[in-house]
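Please walk through this structure chain by chain, and then look at where the chains meet.

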Amino acid sequence: MNCRSEVLEVTVESRQVEEAMLALLHTILLHRSTGKFHYKKEGTYSIGTVGTLDFDCDYIDFTFARVSSEELDRVIRKAVSEFKDALSNSGSDGMGQISLEFYQKKKSRWPFSDECIPWEVWSIKVNVVNLANEQERQICREKVGEKLGEKVINVVEVINRHEYLPKMPTQSEVDNVFDTSLKDVQPYLYKITYQITDSLGTSVSTTMRRLIKDTLAL
Amino acid sequence: MDRDLSPQDKKDLDKFIKFFALKTVQVIVQARLGEKICTRSSSSPTGSDWFNLAIKDIPEVTHEAKKALAGQLPGIGRSMCVEISLKTSEGDSMELETWCLEMNEKCDKDIKVSYTVYNRLSVLLKSLLAITRVTPAYKLSRKQGHDYVILYRIYFGEVQLSGLGEGFQTVRVGVVSTPVGTVTLSCAYRTNLAFMSNRQFERSAPIMGIIVDHFVDPPCSGQRPATMGHPCNYRAPDEEDGFAGVQDSQEVCTTSFSTSPPSQVGCTRSFLASFTLHIHQTAKAIVLHAGKEGGVLLVPAYPPHGADAHLTVEHAPNTPGSRYISPDITSTRDDGRRSASPTDPVEALNAFTRKVGAFVNRPVTQITAASLDLPFAAFAPRGLGSEENDPMVQPPDSPPCPSPLQASLHSQGSEGSGPQDDFVMIDFRPAFSKDDLLPMDLGTFYREFQNPPQLASLSLHISSQSMADDLDSLPEKLAVYEKNIDEFDAFVDMLQ
C-alpha cells in the first residue's frame, strides 16, 4: 500500500506562522477525527459526537473551524509552537516544513517492535518573510487569509476523493488505528514532525557535496 | 437501479440523504448568521446527532427546508439549493452564493450504505463546515448589521445561478457515491462585487448582509448581537402549530454504530433578527437628506433640535420562501409618540415616500399644511401672500449666474410659495452668514467676501503720512544715536 502524500506551501510573516499552521492542521484533523468508540457485544460499536468551534485568527484575516476538543488543541499548539521557535531560531529567512503523518501500527512478533506504517502524510512548507511597514503587513494579512482559504479547499478536495482509509478496527485493535488517549474525540493515529531549512539551504549543500564527491570519484 | 438494494438499505439511504440535506441547510445558514459557532464534543453517543457531528437544529430553518423539499428527496434533476443574498438598508439586494446539493446518475452498487455512505456523508458535512468559512460571503456575514443583512432562500428543483453575475466561481465541497446515485455538494459564489463599490459601501460594513429572520433569540441569551434587531416570533402563515416538523426530525439516526434513541433538542440556540417598524406620528412629513455616508436617510421635516428620527422596520414575511430581517436602525426619539406600526414594511415605506417635504416641486394647490399633519405646523410661516418678505423666494441679491444651490432654492421657493402654508421651509443659515434682518445666502456671501477691502496700513495716503512723520523725527533720533555711539561700538565688537 502506498502512502498518500500531499504538500501544501504557504508564505507568511513570522508572527503568522503559528495561526497558519493551526488553521491547516486543525482542518485536516477535523476530517480525520471521529467520536469516541464504545464497543458493545456482538461486535457492534457506537460513536460519540464531534463538536466544532470557530477560531478567528488575530494576525490573519481568516477564520477556521476546528474540533471542539481542548486536549487536541493543546497537543497541536505545542507542536506548532516548537516548530515556530525552531523556525525563528534558525535565522531571518527561515524556511521550514511541518508534517502531519497518519499511520497504522502493525503488531510484530517479539523481539521486533511494532511497525508504524504511514497511510497519509501532509507536508506544509512554510516560507517566512519579513515585511518593512504596517501597510505591507495589512496587505499580507488579507493575502495570507485568501491563500489559507485556497489551501483549505485543496485539503477538502483531497479528503473527498475518499481514497484509502484504515478499516474500522475491532476492540482489540482500535489502538493500532486510532489515538484513544483523548477524552472526547478520537483522531486517527498521527504524529507531527518538522524540519528547518536555513537560508543557505542545508539540504542543498548536502546535495552539492555529494555531487562533488561523485565527480571526484570518477 | 436500486433493485439490488435491500429494502432496509433503501430505507436507510433515503433517511441518510434526507437528514444530510437538512443538516447541510443548518450548517450553511448558521455559518451566515454573523457569529462564531461553537458546539461541544461528547464522548457518549446520544443518538440524536446525525452523522456523529454536533450540529444544532434551528427549528425555523428546518421548517423552511422541509417546506422546500415538500416530502421529496434530492435526486437526479431535483437539486436542493440554498441561496445566500445580501440586502441593504435601502432595499437593494444581491445574490452572493448558491449552495447546491445535487444527485447524478453515477451509482456505486458495491458500497455499504449503513457504514461507508454514512461515514462519507459525515466527512462531507465536516468539509462543508470548513468551506463555509472560506467563501467571501462569510466575511460579509460576520460584518452584517446596520447597513445590510443577509438573506437565505431554500428552493428545490433546477439550480439557478444567473443572479450571481458574471465570472462567478464554483467550489466543489465533495461527493459521496451511493447505490442510487452520487451526491454532490458545491457552492457557486459571486466574484463581481461592483454593485457594492458603486454604492459607496467601502466601509467596514460592506454591502449586503444576509437577513435571517428565522431565528428567535431566547430572552436570556446574550449571544445575538445587538445589531440584529428586536426578536420577533416567526409565524408560518399556513401552519397553526408552527414547528410541527420537529416531530419527525426526532427520528432515530439508526446506524450500525448508534443504538440509543435520539432526543431531539428543541430550539436551544435560536435566533431571530427582525426589527420593528415604528412610524412616528410626528414624522409623517419627510425630507430627503443626503446621508453622511452617501446613503439616503429619511428624516422628519421638523426634527427637534439635534435629534434625528431614524426608522426601525418590523418585518413581516411577505414572500414565501424568502425571509429577511433588515438591520436595526434604532430611533433616538423616544418621546412616547410612537404609533402602531403597519404590518407590511413595504407599504409603510411607500407611505413615507408619498408624503410631501420641503423643496418639492408641486403645485401649490395640492399641498396644505393641514393635509400634511406637520409637527409644529402652528409655527410654520404664515401670511406668505407678501412674497417680497420671503427670503426663500427672493433672496437679497440675485446674481446673474446663480450657484446651483441658490438656483434650486429659487425655483423651488418661487414655485412652492404662495398665500397658503403649502410647504415646509427650513431656514438655511450658512456659516458666517450675517446675523441681521436679511439672512444671506451662501452665494451672496461668497461673492461679497471674495473681494475684501485693502488693509488700512497698506493704503497709500496712510503710508505717505507715516513717512513724513518719520522724516521729521529723524534728526532727534540721530542725536540720540550719536550720544550712545560708544555703546554701539562695543556691541559691534562683541559680535565680531
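**Two chains and their interface**

The accessible surface of chain B comes to about 25600 Å², and carbon and sulfur atoms account for 55% of that surface. This is a predicted model, so the values below are computed from predicted coordinates. Chain B has 496 residues, of which 46% count as buried. Its secondary structure consists of eleven helices and eight strands. When contacts in chain B between residues at least 6 apart in sequence are considered, 79% of them join residues at least 24 apart.

Helix 2 of chain B, residues 59-69, is mostly covered, with nine of its eleven residues buried. Those buried residues include Pro59(B), Val61(B), Ala65(B) and Leu69(B), and also Glu60(B), Glu64(B) and Lys66(B). Thr62(B) and His63(B) belong to the buried set of helix 2 as well. Just after this helix, Ala70(B) takes a positive phi of about 50°.

The other is helix 3 of chain B, which spans residues 113-131 and contains Ser122(B). Is Ser122(B) buried or exposed? Ser122(B) has a relative accessible area of 6%, and because buried means under 20%, Ser122(B) counts as buried. Leaving aside neighbours within four places in sequence, Ser122(B) is in contact with Phe51(B) and Leu53(B). With Phe51(B), the side chain of Ser122(B) reaches the backbone oxygen at 2.9 Å. With Leu53(B), the C-alpha atoms are separated by 7.3 Å, although the two residues are 69 apart along the chain.

Turn now to chain A. Chain A has 218 residues, and buried residues make up 48% of them. It contains five helices and ten strands. Of the contacts in chain A with a separation of 6 or more, 71% are between residues 24 or more positions apart. The accessible surface of chain A is about 11300 Å², and 50% of it belongs to carbon and sulfur atoms.

How many residues of chain A are in contact with chain B? There are 36 residues on the side of chain A, and they are in contact with 40 residues of chain B. The size of an interface is often given as the accessible area lost when the parts come together. Between chain A and chain B the buried area is about 3200 Å², of which 54% comes from carbon and sulfur atoms. In chain A, the residues that lose the most area to chain B are Thr49(A), Asp54(A) and His162(A), together 21% of what that side buries.

The polar side of the interface can be described pair by pair. Between chain A and chain B, 19 residue pairs are in polar contact, counting pairs with both residues at pLDDT 80 or more. Three salt bridges are found across the interface. In a salt bridge between the chains, the side chains of Asp56(A) and Lys36(B) meet at 3.9 Å, N to O.

Which elements of chain A give two or more residues to the side that touches chain B? They are helix 1 (17-31), strand 4 (45-47), strand 5 (52-56), strand 6 (63-67) and helix 3 (134-159) of chain A. Helix 3 of chain A gives the largest share, five residues. By residue type, the side of chain A that touches chain B divides into 14 nonpolar, 15 polar and seven charged residues.

Terms used:
Residues are numbered from 1 along each chain as its sequence is written. Chains are lettered from A and ligands numbered from 1 in the order in which they are written. This is a predicted model: local features need pLDDT of at least 70, side-chain atom pairs count only at pLDDT 80 or more; totals for chains, interfaces and linings use all residues. Side-chain values use heavy atoms; hydrogens and water are left out. Helices (H or I, at least four residues) and strands (E, at least two) are DSSP runs, numbered from the N terminus. Buried means under 20% relative accessible area, exposed over 50%, partly exposed in between (1.4 Å probe, protein chains only). Contact means heavy atoms within 4.5 Å. Accessible areas come from the Shrake-Rupley method with a 1.4 Å probe; for residues, only the protein chains shown count as cover. Buried area is the accessible area (1.4 Å probe) that two parts lose on being put together, summed over both. A salt bridge is a side-chain nitrogen of Lys or Arg within 4 Å of a carboxyl oxygen of Asp or Glu. A polar contact is a pair of N or O atoms within 3.5 Å; within protein, one must be able to donate a hydrogen and the other to accept it, and residues adjacent in sequence count only if both atoms are side-chain atoms. Ala, Val, Leu, Ile, Met, Phe, Trp, Tyr, Cys and Pro count as nonpolar, Asp, Glu, Lys and Arg as charged, and the others, Gly among them, as polar.
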